[in-house]
Structure formats: structure tokens, C-alpha cells
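Dear colleague,

I am passing on the structure below, together with some notes on what came out of going through it. Please read the notes with the sequence and the coordinates open beside them.

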Amino acid sequence: MKTTVIGAFPKISDDQGGQELRRALHRFDRGEIDASALDQVFDTVTRSAIAELEGAGIDVINDAQIRWDDLFAQFARSWEGVSRGPLERFYDNNTYFRQPVIERAISTGGRTLVRDFEFARTAAKTQLKAAVCGPLSFATLTAEDRAYKSLEERTFAVADALAAEIRGLGAAGATLVDVEDPAVAARPDLIALARAAYERLAKAGVPLAIQPYFFPADKVIEALATFPVAQVGIDLCSRDTKALSALGVLRTRTVVLGVVDARNTRLETEAEVATIIEAAAKVVGADRVWAAPTAGLEYLPHDVASRKLAVLVKGARAAMGVPA
Amino acid sequence: MTSEILLTTTVGSFGKPEYLQKARNQFGRGKLSREELTKLERQATEEWIRRQEEVGLDILVDGEMYRGDMVAYFADLLEGYREGGLVRSYGNRYYHKPIIAGRIRRPKPMTVEWFEYAQSLTDKPVKGMLTGPYTMLDWSFNEAYRTRRDAALALAEVIRQEAEDLERAGAKYIQIDEPAIHARPEEIDIAIEAMGIVTQHLKAKTISHICYGDFAAIYPQVLKLPVDQLDLAMSNYQYRWLELFDRDPFTKELAIGIVDVHKHELESVDEAAEGIRKGLKYVRADRLYPHPDCGLKTRTVEETVDKCRVVVEAAKKVRAELAKVPA
């Protein structure tokens with residue numbers, strides 16, 4: 001059983017020393033520093049976030065997505081045929097993203113995230129996973145599409161572009177890639193389309209972890225068991241859900257349990273976390289359970305995110321019977 | 001007659017002048033007193049009242065010079081809340097997301113003095129401006145109440161007290177914003193129940209602003225929200241929400257957003273007028289209120305004035321067209 005994180009980690013903290021990136025971005029906007037100076041700050045903050053995740057005892061980390069403005073920004077900036085459109089609220093968060101606009105057929109060299117992944121590998125001492133956005137979320141949240149005739153065509157085009165990115169990450173050494181796709185749980189009516197898109201992602205030949213956070217997985221959990229992925233993320237505590245009792249259908253996958261709420265400051269107890277993990281382990285086997293926050297911890301202030309990491313690790317160790 | 005139709009207004013916030021931004025920073029660092037800051041907030045409020053009058057808007061707002069954020073402002077003044085740490089809203093923008101940490105209580109009125117001051121500066125009506133209970137809940141962390149409904153209803157009670165105080169102070173229009181109402185469409189009944197508590201005794205015209213989100217997901221249920229007028233961002237959405245009204249007729253007054261507040265470019269009067277004409281297909285002119293899509297606090301003073309002027313000129317243009325049509 002391992003602990004892991006999903007998505008972005010807070011980019012700044014409330015104390016003055018933790019605001020380096022915020023200040024650098026302001027200075028960049030005012031023309032006081034150039035892109036390479038800003039890049040150095042991104043790298044410094046990434047290194048610091050990785051150190052914090054490792055210091056907290058997380059077994060499998062990501063690069064904390066310090067450069068990501070939103071789930072789609074990296075791809076919409078890099079892919080040909082796509083631009084960044086109007087601001088919109090990101091699902092039920094008071095957080096905004098720029099909706100992708102598809103101007104013509106999407107193409108990518110598949111190296112959008114390679115540099116950042118390679119940098120993170122130099123900074124990380126523990127196992128590092130990569131992440132991409134989900135094809136269904138990208139396709140359903142697109143503001144305007146002038147290239148594809150239907151949602152299905154668009155979803156498959158996005159999936160093919162993401163498969164190229166995953167292939168690129170695999171070539172750079174990634175052995176596991178999170179696919180962050182809230183739409184898969186939010187839109188149960190599109191589950192067949194989502195599955196077909198994941199068949200395309202799987203062709204990249206890198207183990208995938210689908211992360212359909214924010215929404216209860218109850219309506220899609222059976223279908224998720226048929227997705228060509230190594231891991232399935234299940235948010236067990238940010239909303240009412242009966243998914244825990246349905247985990248049996250995922251016996252052939254590793255289940256990434258969302259056991260600390262990444263969207264509320266109320267701190268879970270070690271016992272609460274351990275209880276959920278133990279219950280899940282009984283159903284799918286301890287070796288198939290990973291424990292994680294329900295989503296990216298960036299929805300919380302930095303100090304609370306740090307405390308959530310600590311309780312996640314303590315709760316997981318308690319569930320495994322390892323002394324804290 | 002025609003001046004009583006297509007009354008123009010704005011959603012609520014305007015940009016803070018540079019001197020006030022500096023003063024707020026100084027106050028935050030303890031280098032300026034509350035009295036000195038309030039003096040500058042009043043100065044900026046008066047400037048915005050004068051600008052709105054000069055532009056020719058019909059229903060004014062105080063511009064919210066004394067607020068940083070539409071939720072945090074109230075959270076700071078309510079018992080039961082504590083300030084949360086910084087959370088990113090977008091890009092390099094952060095805000096202190098408040099935490100509901102105990103039982104919510106309103107020790108004293110929160111906006112009434114500002115309303116009275118703004119209203120004293122003009123003969124035109126000034127709207128009382130509040131944040132709705134569902135949005136207060138959704139944009140706060142909740143550590144104290146067992147369910148989201150419990151928290152929303154507790155917030156509704158204190159917002160009701162504030163709304164009734166505004167009415168007693170003379171507010172003819174009270175706007176209770178619910179931009180988060182579509183955050184979880186399955187919770188629309190909670191938002192409706194909470195708003196019912198707020199508006200139950202009010203005789204003033206009640207308005208609720210809704211923006212940025214999937215309005216279609218809560219339509220037509222949102223027509224049960226107990227307010228007289230819904231205030232909707234439309235221009236930013238290319239007026240697509242109007243198509244919903246073909247299937248289920250819109251039954252309230254409509255404040256219609258006809259200029260986009262999140263782009264620097266200025267719409268033409270013709271473009272904005274076309275937005276009003278689109279709205280007129282669904283709502284009578286005496287029930288249609290043209291305005292910018294959302295609060296204008298992210299725009300410069302010049303951009304704001306220009307956008308408001310386009311709204312006013314567009315309304316004049318369409319009023320003139322309507323005046324020519326034989327009854």
C-alpha cells in the first residue's frame with residue numbers, strides 16, 4: 001500500500017517567504033524580469049514542493065504542477081490548432097480556467113511536459129509519476145470547436161493528442177501517468193465515449209491512472225472497471241458516496257482512494273483515514289490500495305495542505321500497522 | 001413613458017482607484033488608520049456615484065470600494081467565521097477563502113451605512129448589495145455545520161437581517177447575488193430555500209445576479225428562486241441562455257448582460273443594442289434591465305466608464321426604436 005498525491009500542490013504560502021512565485025509573476029507581467037528568470041523561479045518552487053511532498057512521506061509524488069495555470073493550460077498553450085478562450089468556473093470550485101478553443105485540427109509533437117518531467121526527476125528522490133488532463137474533460141469543457149463535427153470526434157482527437165504526450169512522457173522515463181478527468185464522473189451519460197477515448201490513450205503503452213475527482217463515482221464505478229488503466233481513483237470523502245461498498249468491481253485494478261478531502265479545511269483524523277483504507281483493503285486487497293487526497297491540494301491554503309499530507313501518511317501507516 | 005423602460009444598471013463592483021489600492025495595502029500593513037482608509041473609501045464611492053450619474057445609468061450601485069471580496073467582506077464581519085489562508089482563484093490571483101468555524105451570527109449591520117452614504121449622494125436609486133447564502137456557503141470552507149444545507153440556512157438568517165435593515169434604511173432595490181448557485185445543480189433546492197428566508201418579508205424589489213457557470217443546468221428550476229429579478233451574464237455566453245426560454249418561458253424580470261466585463265475591447269453601441277433586442281424577444285421592455293455582464297472591478301476606470309456608456313447609449317437607441325413602433 002502506497003500513498004500518493006493527485007494534481008496541483010499550492011504554489012505559494014501565506015508567509016512572506018512562500019510568495020516567491022507570486023512576486024516573480026507580478027514582476028514578469030511588469031517587464032521587470034524576463035522569461036528565463038521566471039523559469040528559474042518555477043524550477044525553484046517545483047523543487048521545494050517536491051521536497052515537501054517527500055518530506056511528508058508520500059511514496060509516489062508528482063511534480064506538483066507548479067507551472068499549470070489550470071488543467072488544460074499546458075496543452076492549450078503547446079498544441080497546434082488550440083488556443084485559450086474565455087474564463088469559466090472549474091466545476092464546483094471558486095477557481096477559474098480558460099476554456100480551450102479548437103481552431104483547427106489538433107497536432108502535437110508529444111513533448112509538452114517532457115522538459116518539466118525530466119526536471120522533476122532530477123529533483124525527486126522517490127517514485128515520480130506524470131499527469132495529463134483527461135480527454136473527456138478537455139472535450140466537454142471546450143468553448144468552441146471549428147475543427148471537429150461532433151463531441152465524439154473532438155474527444156478522440158484530444159485523446160490522440162494526449163496519447164502522443166503520454167508516449168513522450170513514457171520515453172522520458174514515466175512509468176505511471178495520472179489522467180485527471182473529472183468529466184468521467186460528472187457525465188455518466190458519456191461513459192462509453194470516455195472508455196473508447198481511454199482505449200486510444202492506452203495505445204501509448206504507459207500504465208495509466210484515471211482520476212475522476214470532484215464527483216461521486218457511484219454511477220460509473222462498474223464501467224471504470226472495464227477501462228484499460230492500471231489504477232482507478234475514487235473520491236471517497238468530498239461528497240456523499242457509496243463507492244466504498246462497490247469497490248469489489250475494481251479488484252483487478254489498483255484503487256487510489258481519496259481519503260482526505262482536498263476541498264475542505266476540516267482536518268480528518270488519523271483514525272478516520274485508517275478506517276477507510278482498512279475497509280477498502282478488505283475488499284480489493286491491501287496490495288491494491290493506494291491512499292491519496294481526493295483531488296489536487298491546491299484548493300486549500302498551503303498550511304492546511306501540509307497538514308492534510310501529514311494525516312494522510314499517518315492514517316495510511318496506521319492502517320498498515322506501521323508505527324507513526 | 002420610454003424612460004421607464006430598459007432601465008440601465010450595473011452588477012455591483014467597480015475598480016478601486018490607485019490611491020485607494022495603495023491605502024488598502026498600507027492599512028493591511030498597519031501603516032494607515034481605519035479612519036483614514038474609510039475617508040478614502042468614501043471619496044472613491046462619491047467619485048463612482050458621480051461617474052454613474054454622468055454616464056446616465058438609471059439604477060446606481062455604491063461600487064463596493066470598501067470590499068475586497070464579495071464573500072470575505074461579510075465573513076470578516078460575521079461571528080462564526082475565521083479568515084482562511086490564501087487560495088488561488090486564477091492565474092496569479094489569490095484570495096483568503098474564509099472558514100465557517102462556529103455558529104454564524106451577525107453582531108451588527110454590515111452594509112447599511114455604506115448604502116445610506118451612497119444614497120445620500122444622489123437622487124437616483126442605489127441598490128443594496130448582498131451576497132446570497134448559497135454562495136457564501138459554497139465559497140467558504142465549512143468546518144462547523146454538519147451539512148451544507150444547515151450552513152446555508154444559518155447564513156440565510158443573518159443575510160435576512162441585513163436585507164431587512166437595508167429596506168428600513170430606504171433601499172428600493174436589494175440585490176442578493178448567487179453566482180455560485182449552479183456550482184452543484186443538485187443543490188438548487190437548498191439555494192431556493194435559503195433565499196426564501198432572506199426575502200420572505202421584503203417589499204423592496206429583489207434581484208439575484210448569477211454568472212460564470214452552467215445556467216442551463218439549473219433552468220427552469222431557478223425560476224423558483226424567490227426574487228423579482230434575475231441578473232444574468234449573457235454577452236459572454238453569446239446570449240445562448242436565451243434559447244432556454246423558448247422551451248420554458250422566463251417568468252421574472254431580467255437584467256441582461258450586454259457587454260463582456262472580462263475583455264478590454266469595447267463593444268459597439270450597435271452590438272450592445274442587438275443584445276437588448278435579443279432579450280426583448282423574451283421579456284417586455286419594462287421588465288428588461290440592460291447592464292454589463294458582471295462586476296467591473298477588474299477593469300480600469302476608463303474601461304468601466306466606456307462600457308457603462310455603451311450600455312446607456314444602447315438602451316437609448318432601442319428605446320427610440322420602440323417609441324417609433326405604433327402601439
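Of the 327 residues of chain B, 50% count as buried, where buried stands for 20 or more other C-beta atoms within 10 Å of the residue's own, exposed for 12 or fewer and partly exposed for anything in between, with C-beta atoms placed from the backbone. Please bear in mind that this is a predicted model, in which local features need pLDDT of at least 70 and side-chain atom pairs count only at pLDDT 80 or more, whereas totals for chains, interfaces and linings use all residues. Residues are numbered from 1 along each chain as its sequence is written, and chains are lettered from A and ligands numbered from 1 in the order in which they are written.

To stay with chain B, its 327 residues would give a compact globule a radius of gyration near 20 Å, and the value for the chain, 19 Å, agrees with that; the radius is taken over C-alpha atoms, and the globule rule is 2.2 Å times the number of residues to the power 0.38. Along the principal axes, the C-alpha atoms of chain B fill a box of roughly 60 × 45 × 40 Å. Chain B has 10 helices and 11 strands, these being DSSP runs numbered from the N terminus (helices H or I, at least four residues; strands E, at least two). Among the contacts in chain B between residues at least 6 apart in sequence, 76% join residues at least 24 apart, a contact being two C-beta atoms, placed from the backbone, within 7 Å.

The loop between strand S8 (205–210) and strand S9 (229–232) of chain B holds B:Pro220, which is joined to B:Tyr219 by a cis peptide bond with omega of about 5°. B:Tyr212 lies in the loop between S8 and S9 of chain B as well; its phi is positive, about 45°, although it is not a glycine, and B:Tyr212 is buried, with 21 other C-beta atoms within 10 Å. A positive phi, near 50°, is also found at B:Gln238, in the loop between S9 and helix H8 (244–247) of chain B, but B:Gln238 is partly exposed, with 13 other C-beta atoms within 10 Å. For context, most residues other than glycine have a negative phi, and most peptide bonds are trans.

In chain A, seven strands form an open sheet with parallel pairing, in the order S1-S12-S11-S10-S9-S8-S6, where two strands pair if DSSP finds at least two bridges between them. Strand S1 (2–3) and strand S6 (130–133) of chain A stand at the edges with a single partner strand each, so one side of each is left without a neighbour in the sheet. S1(A) is joined by two bridges to strand S12 (residues 289–293) of chain A, which runs parallel to it, and A:Thr3 has A:Ala291 as its bridge partner in S12(A).

Finally, 25 residues of chain A are in contact with 22 residues of chain B. The largest share of the chain A side, four residues, comes from S3(A).

With best wishes
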